[in-house]
Amino acid sequence: MEPQLVADVLSALGRSDGTAFCTRYDVCVSDLTEALDAVYGQGGDVTALLEHAVGIALTAAVERPEELRLLDRRREVDPEWFQRPQMQGYVCYTERFCDKLANLPEHIDYLAELGTTYLHLMPLLQPRPGENDGGYAVMDYRTVDSRLGTMRDLADVATALRARDMSLCIDVVLNHTAMEHRWAQGWLAGDPEYADFYTAFPDRMTPDAFDATTPSVFPDRAPGSFTWVDEALGGAGGWVWTTFWPYQWDLNYANPAVLLAMLGEILWLANHGIEIFRIDAVPFLWKRLGTNGTNQPETHRIMQALNALVRLAAPATIFKAEAIVSPEDLVPYLGGHDRYRPECELAYHNQLMVMLWSSLATKEADLARHALGRMRPIPAVTSWVTYARGHDDIGWAVSDTDAASMGWDGFSHRRFLNDFYSSRYDGSFARGALFQANPLTGDARISGTTAALCGIEDALVHDDAAALERGVRRLVLLYAVVYAFGGVPLLYMGDELALRNDRSYLVDPALAADNRWMHRPWMDWAAADRRGDPSSLEGRVFGWLQRLGVTRRGVPALRGGTRTEMLDVADHRVLAWGRRHPRSGNFVGLANVSDGEATVDLDRLSGLGDLHPVLGSDPMAATAGRLQLPGLGFLWLAES
Ligand code: GLC
């Protein structure tokens, strides 16, 4: 670091925090320079850009409240904090969970009952009026949606959570802003400060060339990636880049001013107590002609630069990648490149989620074992977030290669899954719906709550006790894998009470056209009141989720930092996985995805040490090296 910069930092931050900042700079400067150079160097010098960016980080470090600086210290001493088996997430919409942010602290006890240490509040920054893609069309990153409260309320929620050892996660939408955002309006008006913040083309030539290879995200109501805007290009009109909905305008990251502006917003939010940022739609940041428009090398470089800069000012903060891409493309978002390049510390394990649903539909686990088994290991300092269900549709990321290894055709299998989960398949237990069915390609995705997709909703409608039992077992089985596969498990609001599809969105014109709202239910606090009654549906499911959490916290092998290996226990209906942790005994999980009893060959586990049951769905005993695993049953085993 230049002596002048060291002197500036020390005078701005004082000796202790200033020394820490300078040390962090020394640690990250080569990653940072390399990343900026790769995107913005073009053979030139990135020194000025680097100085500017570090200046923004320094200003944020100066403004950082004392309490958060203490958190920074704790996290720097304990950089693996998010890998502990105690880490467990809960995901909800503020409004649907507790109406206003100010009411959230009253519900922290409820979250604590489930063992929550990480709360993801779904989009809550000021969205555009009217349709806003569930809050993913942000018009001001520094204001909270006035229907939910104020930035002060948000900071208070973060503080209240922190007092109970819970970290707050919110979304940061990096790829686009709402068209009403100040930057977008400034760009449209020709304000030089926002020149090149977005992209528009005067005619269809370039848009057509891009559209030819870029799949539409929302083919039914927003085909293509461009929207005609009369006011664009100085009033001449132009096709504005809009990968998602027409009112979500893609930021132009080829302009370094965009990166700096976004850095400012992230750091400002971090200084209000946000500890984890869910980086929304990250694969789309960089565009390249002739590609599918995702996962470009520059996107990774941009995330590496942001990671280094945010760490510089607010080292307690981590990033979670929302990259719903193929397994090969996913690991790089965790920094898994030719060498480790810090990028996002967490990433959604989309492949696990897809494989779980695929296994429940086919009642066999071979595809999951195969696909999960061939995934590259992730860097040891990062973690997955594992989940069964979230606020989005399920897209069937089953690769053609993996399907072919089972002798299946990828397209047909994906179509089967769509049919199965939208109840078009004879004998299906699921009550989901197709989302974005594309008649041109035959593709579609699935909406529906966990309880609806697991068969609980159908069983209740038909008042079928045996089917209900199987539905509950499916839900518990899903979470038994999610809680023990390795990584931070996320519980999606309502799953702990088996909430069914919510059709109330149909009467709201701003929501009606998007059936993802069917699995974004309103919290049913009356149902939650039954959680203590083990004879109720809610009590059973809630009790199981509590047990999974309590047991997980006591199994050191479930901390991050080690690989999950897929095991073959000689029954194709059983998903089996093991974890060998260098600092504790081993762990094995077994899940029978079929309705019938399966047999596990315990000899196959002999290399994993002296395993004992720590939690299971049913009483089970082994005879002669064979374990009978009941239909839809699971078992966790660990070395003592
Ligand atoms: C992410 C969100 C999704 C949203 C999209 C556009 O994929 O999860 O809900 O529609 O980004 O922001």
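**Entry 1: second largest pocket**

I began with the lining of the second largest pocket, where helix 10 gives the largest share, five residues. I note that this is a predicted model: local features need pLDDT of at least 70, side-chain atom pairs count only at pLDDT 80 or more, and totals for chains, interfaces and linings use all residues. Residues are numbered from 1 along each chain as its sequence is written, and side-chain values use heavy atoms, with hydrogens and water left out.

I looked up the volume and found about 540 Å³. A pocket here is an open set of points on a 1 Å grid over the protein atoms alone, where a 1.4 Å probe fits, with protein on both sides within 12 Å along at least five of seven lines; lining residues have an atom within 4 Å of a point. The volume is the space filled by probe spheres set on the points, which are joined across faces, edges and corners.

I counted 22 lining residues. Nearest the centre lie Pro79, Asn307, Arg311, Pro342 and Glu345. Two or more lining residues come from each of helix 1 (3–41), helix 3 (66–77) and helix 10 (297–313). Helices are DSSP runs of H or I, at least four residues, and strands are runs of E, at least two, numbered from the N terminus.

By class, I have 12 nonpolar, three polar and seven charged lining residues. Ala, Val, Leu, Ile, Met, Phe, Trp, Tyr, Cys and Pro count as nonpolar, Asp, Glu, Lys and Arg as charged, and the others, Gly among them, as polar.

**Entry 2: helix 2 against helix 10**

Next I checked helix 2 (residues 47–63). Its axis comes within 8 Å of that of helix 10, and the two cross at roughly 35°. Axes are lines fitted to C-alpha atoms over the stretch in contact, with angles from 0 to 180 degrees between N-to-C directions.

Which residues meet? Ala53, Val54, Ala57, Ala60 and Ala61 in helix 2 meet Leu309, Leu312 and Ala313 in helix 10. Contact means heavy atoms within 4.5 Å. I find eight nonpolar, no polar and no charged residues there.

**Entry 3: two residues**

I stayed in helix 10 for histidine 300. Histidine 300 counts as buried because its relative accessibility is 6%; the cut-off is under 20% relative accessible area (1.4 Å probe, protein chains only). Beyond four places in sequence, histidine 300 touches Asn295, Pro332, Tyr333, His337 and Glu343.

Then I turned to isoleucine 446, in strand 16 (residues 443–447). Isoleucine 446 is buried, at 0%. Its contacts, leaving aside neighbours within four places, include Arg389, Trp396, Tyr421 and Phe435.

Notes. Buried < 20%, exposed > 50% of the residue type's maximum accessible area, 1.4 Å probe, protein only.
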